[in-house]
Amino acid sequence: MTEATATQARATATAEVAPARHYIDGEFYDGAEGRTFETLDPSTNEPITVAAEGTAPDVDAAVAAARRAFDDGRWPTLRASERAAVLRRIATGIREHADELIALEVTDVGMPIRQMRGQAARAADNFDYFAGVIAELAGTAHLVGSEFLNYSVHKPVGVAGLITPWNSPLMLSTWKIAPCLAAGNTCVLKPAEWSPLTASKLAEILDEVGLPPVVFNLVHGFGETAGAPLVAHPDVDIISFTGETTTGSAIMANGAQTLKRYSFELGGKSPVVVFADCDFERAVDGVVYQIFTLNGQRCTAGSRLLVEASIYDDFVAAVAQRARAIRVGDPFGDATELGPLIRPEHHERVTGFLDSARDDGARQLAGGGPPEWAQSGNYLEATLFADVTPQMRIFSEEVFGPVLVATPFEGQDEAVRLANATRYGLAAYVWTDDVRRAHTVAQAIDSGMVWVNAQNVRDLIMPFGGMKDSGIGREGGHYSFEFYCELQAVHIALGEHRIPRLRLVDGGH
């Protein structure tokens, strides 16, 4: 796609964008109070369209619909195979509408279109995958001598509140919706206010493929006026949230009185530990890909580069050379590798970190500002700071942008100490050809996930989640159903086992 065709694609996509509306009780509508807010094109900061602004009455209506759909059994009592068939139809619907979903999200978020194609494919795959898992989900059973047969069953929990972030809204919403529905729950989705467009299109697809009405409900809006009422609602049983750590803390406090179950995937400041015995070129590829794709706006971004001192200068120089060559441009351009940040206020926040790093004495080797041609939008070149120390703010705080910081280490012990020198513990990456070291270091790092000699290649079977301030709980594979299901134990007496008899009265024996 040339720049001219990219511009045309952008104009076409923007022209066809309809206002994002709530989807409640099987109907699209504009909200109880009729309020709206704008969503902006990150490439220009011009309005794309408006979205309905949900408030407590809209949340009440959505939760009431979801509760009715759960309590009357229309969804949870379906056989797992029947729910799986619906999920597979949803996957097919996403694939059939993929071009529209891609255009909407590229416009709304600024993700490069080549990367968004993979995100859309993954969104469909999530439904297919969990359709397969729920059809095969089984409990355990065992005999206790000849007296009891004991077994466990998975039961849906009830109404789920699903709160999703703005950085990859389509894929991350399906990552929650698919296992939630597969387990037999009903739900209310509250997408991030900065990226509402694909959520409304997804609601259309779910409606189109025949998901029973009111099983899925959608309320747009802000955290304070839509998210908070959803979290505090007494008829919402579980909350799955992906976003900032501080917001996760507020959500937990807000829902505490109703004793909700939580799954939190929160912030990250993930280390990439590079030892001198690594495959140098592959490690450079992995480091560059992991931080500069998805515009650097990813929770698992490898944003702290820790390199063994003997190769530090050469490795950092190689990464800097690659960073300076990354193609920043219109996200609709097929050649674009790095698009704009989501919003002006986020761009300002990220550049504030860059100013802090310079003030603290870090050595800037790449990027640090917008490209010369950018007259509008929230563009930032791929940025690398070297010689960053643990005392610097940019070493330990999440930037959430295309910003990499590099620090040398001497030996395995210091590598682990530096890797763990943050309050976060979501992901980590280790590059070494020493098998023993690979296992030892991976297990010594306090993070929920570790990749060795690889970038973030997700295996949907494995648990996804973090330690420390990076989250609570795990999702992925059957681990998702530890959250989206109640596990019930049933004890069946097979014979007449002894029952102790307490003292009897009135002539009893």
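Rings of Phe, Tyr and Trp (its six-membered ring) pair if their centres lie within 6.5 Å; planes under 30 degrees apart count as stacked, over 60 as edge-to-face and the rest as tilted. This is a predicted model: local features need pLDDT of at least 70, side-chain atom pairs count only at pLDDT 80 or more, and totals for chains, interfaces and linings use all residues. Residues are numbered from 1 along each chain as its sequence is written, and side-chain values use heavy atoms, with hydrogens and water left out.

Take Trp373 and Tyr379. Their ring centres are 4.9 Å apart and their planes stand at 65 degrees, so the pair is edge-to-face. Trp373 is partly exposed, at 45% relative accessible area. Tyr379 is buried, at 4%. Buried means under 20% relative accessible area, exposed over 50%, partly exposed in between (1.4 Å probe, protein chains only).

Tyr429 and Trp451 are stacked, because their planes are at 15 degrees, with centres 5.5 Å apart. This pair links distant parts of the chain: Tyr429 sits in strand β18 and Trp451 in strand β19, 22 residues apart. Both Tyr429 and Trp451 are buried. Helices (H or I, at least four residues) and strands (E, at least two) are DSSP runs, numbered from the N terminus. Elsewhere, ring pairs join Tyr129, Phe130, Trp175, Phe464 and Phe481 into a cluster.

Now the pockets. A pocket is an open set of points on a 1 Å grid over the protein atoms alone, where a 1.4 Å probe fits, with protein on both sides within 12 Å along at least five of seven lines; lining residues have an atom within 4 Å of a point. The largest pocket holds about 960 Å³ of space. It has 38 lining residues, and the closest to its centre are Trp166, Phe241, Gly243, Glu244 and Thr247. Helix α9 gives the largest share of this lining, six residues. Among the other elements that give two or more are α8, β10 and α12.

The second largest pocket has a volume of about 620 Å³. Of its 32 lining residues, Gln119, Arg122, Met171, Arg298 and Arg458 are the closest to the centre. Here α5 supplies the largest share, five residues.

Back to α12, which also lines the largest pocket. Its buried residues are His346, His347, Val350, Phe353, Leu354, Ser356 and Ala357. An α-helix has 3.6 residues a turn, so residues three or four places apart point the same way. The cover over the buried residues of α12 includes β15, α13 and β16. Just after α12, Gly361 takes a positive phi of about 95 degrees.

Conventions
Grid points are joined across faces, edges and corners, and a volume is the space filled by probe spheres set on the points. Contact means heavy atoms within 4.5 Å.
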